[in-house]
Amino acid sequence: MSQEEMQMKFKEILLYGYQRGNEEGTLSASDLVQELADKMKDVLWVANTQG
């Protein structure tokens with residue numbers, strides 16, 4: 001995965017976090033951060049197995 005692709009994935013995850021945080025008023029910051037971390041782990045795993 002190229003640097004540019006990684007940046008785009010990171011932007012997508014941040015946008016997801018922004019939308020998720022705004023749509024559910026009962027979502028705690030801790031839970032949101034955990035969701036985002038899990039998504040980023042998946043992206044990094046794919047990047048490490050491809051290259």
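Author: Before we start, a word on terms: "buried" means under 20% relative accessible area, "exposed" means over 50%, and "partly exposed" is in between. Also, keep in mind that this is a predicted model.
Reader: Okay. Which residues of H2 are buried?
Author: In H2, the buried ones are Leu-32, Leu-36, Met-40, Val-43 and Ala-47. They sit on the same side of H2, because they cover an arc of only 60° around the axis.
Reader: Why would residues spaced like that point the same way?
Author: An α-helix has 3.6 residues a turn, so residues three or four places apart point the same way.
Reader: And what's exposed on the other side of H2?
Author: There you find Ser-30, Lys-41, Asp-42, Trp-45 and Asn-48 exposed.
Reader: What covers the buried residues of H2?
Author: Helix H1, residues 3-23, is included in that cover.
Reader: How many residues does H2 have, by the way?
Author: Helix H2 runs over residues 29-50, so to speak 22 residues, and spans 32 Å from first C-alpha to last, close to the 32 Å expected at 1.5 Å a residue.
Reader: New topic: Arg-20. Buried or exposed?
Author: Arg-20, in helix H1, is buried, with a relative accessible area of 16%.
Reader: What is Arg-20 in contact with?
Author: Leaving aside neighbours within four places in sequence, Arg-20 is in contact with Leu-27, Leu-32 and Glu-35. Leu-32 is also one of the buried residues of H2.
Reader: Which residues form the nonpolar patch on the surface?
Author: Met-1, Trp-45 and Val-46 do, with about 290 Å² of accessible area together. Val-46 is in helix H2 and counts as partly exposed, at 31% relative accessibility.

Notes. Residues numbered from 1 in each chain as written. Predicted model: local features only at pLDDT ≥ 70, side-chain atom pairs only at ≥ 80, totals over all residues. Heavy atoms only, no water. Helix = DSSP H or I, 4+ residues; strand = E, 2+ residues; numbered from the N terminus. Expected span 1.5 Å × (residues − 1). Buried < 20%, exposed > 50% of the residue type's maximum accessible area, 1.4 Å probe, protein only. Arc of directions from axis to C-beta. Contact = heavy atoms within 4.5 Å. Patch = residues over 30% accessible without salt bridge, like charges linked within 9 Å, V, L, I, M, F, W, Y side chains within 5 Å. Areas by Shrake-Rupley, 256 points an atom, 1.4 Å probe, with all protein chains shown as cover. Salt bridge = Lys/Arg side-chain N within 4 Å of Asp/Glu carboxyl O.
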